[in-house]
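Dear colleague,

I am passing on the structure we spoke about, with my notes set out below it. Please read them with the model open beside you.

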Amino acid sequence: WVDIIGNLVHDVGNYGSGCRWLHGIYMSTYGTIKNNVVYRSGFAGIVMGHDCSYIHVANNTIVQNGTGIHINGNGFYHSTTMLADHIHVHNNICVDNIECGIRTGGNPGPNNTFNNNVLFNNGVGTGNYGNISVRNYASNTGNFVGDPLFVNKAGRNYHLTAGSPARNRGLSLYAPPLDYDKVVRGSSIDCGAYEFV
């Protein structure tokens with residue numbers, strides 16, 4: 001079990017180059033990816049491939065990468081029981097990613113969920129898949145397309161403003177109890193790495 005929690009990851013590779021091998025966070029097993037802030041990666045801000053399964057991807061803020069969150073169900077498996085399945089993508093914010101906000105490729109398993117994410121201005125470049133492009137899933141509900149209203153996106157301050165539609169939009173299921181700044185999330189869960197204070 002691998003936990004990737006509370007990291008600031010940025011400028012991995014050459015943003016906008018189209019290189020598909022440079023990622024902010026890469027997971028090829030099972031575990032959690034939570035409360036991370038990822039921006040300007042060559043390709044995916046967060047990618048899961050090969051033997052990825054049983055992963056909780058929750059409350060991450062992913063801005064201006066080649067693509068935001070990518071689940072690769074294309075094979076190259078060492079195991080026959082972990083086939084890009086049981087991956088739960090909840091409460092994330094994906095903004096200004098070139099190809100897509102959240103997407104799956106290949107043939108992922110049927111038990112993945114994509115719920116209550118905030119997506120904005122994704123899929124504006126080559127290979128446009130839009131804000132969300134997923135297949136063969138158990139649930140894809142509660143996602144919101146709209147500006148999350150960061151405090152200062154240009155200045156890389158991805159905290160939420162009072163009017164943000166990401167506030168109180170998250171699910172408690174899989175949400176970490178503390179945010180990136182170690183603020184208690186409480187009963188009303190905000191999307192992204194930062195809870196509004």
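Five strands form an open sheet in the order 3-6-9-12-15, with parallel pairing (helices, H or I with at least four residues, and strands, E with at least two, are DSSP runs numbered from the N terminus, and two strands pair if DSSP finds at least two bridges between them). At the edges stand strand 3 (25-27) and strand 15 (130-133), each with a single partner strand, so one side of each is left without a neighbour in the sheet. Neighbouring strands of this sheet are turned against each other by 20° on average, direction ignored, where axes are lines fitted to C-alpha atoms, for helices over the stretch in contact, and angles run from 0 to 180 degrees between N-to-C directions.

This is a predicted model, in which local features need pLDDT of at least 70 and side-chain atom pairs count only at pLDDT 80 or more, while totals for chains, interfaces and linings use all residues. Residues are numbered from 1 along each chain as its sequence is written, and side-chain values use heavy atoms, with hydrogens and water left out.

Within the sheet, strand 3 and strand 6 pair in the parallel sense over three bridges, and isoleucine 25 has isoleucine 46 in strand 6 as its bridge partner. Strand 6 (residues 44-48) is also joined by four bridges to strand 9 (residues 67-73), and these two run parallel; here alanine 44 stands opposite threonine 67, and methionine 48 stands opposite isoleucine 71. Five of the five residues of strand 6 are buried, so this strand is largely enclosed by the rest of the structure (buried means under 20% relative accessible area, exposed over 50%, and partly exposed in between, with a 1.4 Å probe and protein chains only).

Leaving aside neighbours within four places in sequence, asparagine 7 is in contact with Asn35, Asn36, Val37 and Tyr180, contact meaning heavy atoms within 4.5 Å. With those neighbours again left aside, the contacts of asparagine 35 include Asn7, Asp179, Tyr180 and Arg185.

Finally, tryptophan 1 lies in the segment before strand 1 (2-5) and is exposed, with a relative accessible area of 54%.

Best wishes
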